[in-house]
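The structure comes before the entries.

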Amino acid sequence: MKKIIFFLCLLVLGFESNNANADNYKYVPYVGASYSFGVAHTNGAKPNYNIGGIYVGSEYGKYFSTEIFYNQSTYDTNNIDNIKTRTSYRSYGLDLFAYLPLDCYNRFNLVATTGVGEYVFAKKAKGDKHHNDSGWGYRFGGGLKYSFTQNWQAKALTRYVDFDRISSFNHQMEYSVNVEYHF
């Protein structure tokens with residue numbers, strides 16, 4: 001009987017310690033919207049894009065989060081490969097974030113991010129048919145996050161995107177401002 005009571009006490013203590021750890025590492029879902037300005041580097045041109053985006057994310061404690069994103073850009077007309085070309089793109093993918101708190105109240109955080117997404121460029125050259133070119137974009141960046149309240153937060157990020165298997169497009173720099181609502 002003493003062994004059964006001992007094991008039951010250990011079991012209760014195990015559940016209590018798991019609940020204490022659950023409060024330290026709680027899961028918080030959030031949604032957000034972003035505006036970005038992107039400068040792509042192509043063969044002979046640098047198209048500029050205004051980019052709108054939405055994302056759904058989840059925080060795992062105060063140091064890490066993940067996001068699933070969708071972005072859509074405006075059109076830009078440039079000379080790519082010495083041909084006047086109108087381009088735009090859409091992208092979707094997954095980003096991972098790491099945060100470093102800068103103050104005692106966890107309002108300011110340094111942000112590091114990495115991710116991957118599929119980029120689909122719509123191109124229409126003068127006198128040519130419209131066609132799409134798609135490939136992977138490997139995303140790396142950093143910035144600053146600020147918490148207005150427990151629910152409302154904002155991020156400012158700079159991100160480098162390296163394109164793989166997209167003809168004429170090499171890489172892109174993005175500068176974004178995001179607003180988030182945490183549940």
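I worked with a predicted model, in which local features need pLDDT of at least 70, side-chain atom pairs count only at pLDDT 80 or more, and totals for chains, interfaces and linings use all residues. Residues are numbered from 1 along each chain as its sequence is written, and side-chain values use heavy atoms, with hydrogens and water left out.

I looked up Y30 and placed it in strand 1 (residues 27-42); strands are DSSP runs of E, at least two residues, numbered from the N terminus. Y30 is buried at 0% relative accessible area, where buried means under 20%, exposed over 50% and partly exposed in between (1.4 Å probe, protein chains only). Its side chain makes a polar contact with that of E67 at 2.9 Å; such a contact is a pair of N or O atoms within 3.5 Å, and within protein one must be able to donate a hydrogen and the other to accept it, while residues adjacent in sequence count only if both atoms are side-chain atoms.

I then turned to K155 in strand 8 (residues 152-164), buried at 1%. The K155 side chain has polar contacts with the side chains of E67 (2.7 Å) and E180 (2.8 Å).

**Rings.** I noted 13 aromatic pairs in the whole structure; rings of Phe, Tyr and Trp (its six-membered ring) pair if their centres lie within 6.5 Å, with planes under 30 degrees apart stacked, over 60 edge-to-face and the rest tilted. Y119 and F163 have ring centres 5.1 Å apart and planes at 70 degrees, so I recorded them as edge-to-face.

Key:
Helix = DSSP H or I, 4+ residues; strand = E, 2+ residues; numbered from the N terminus.
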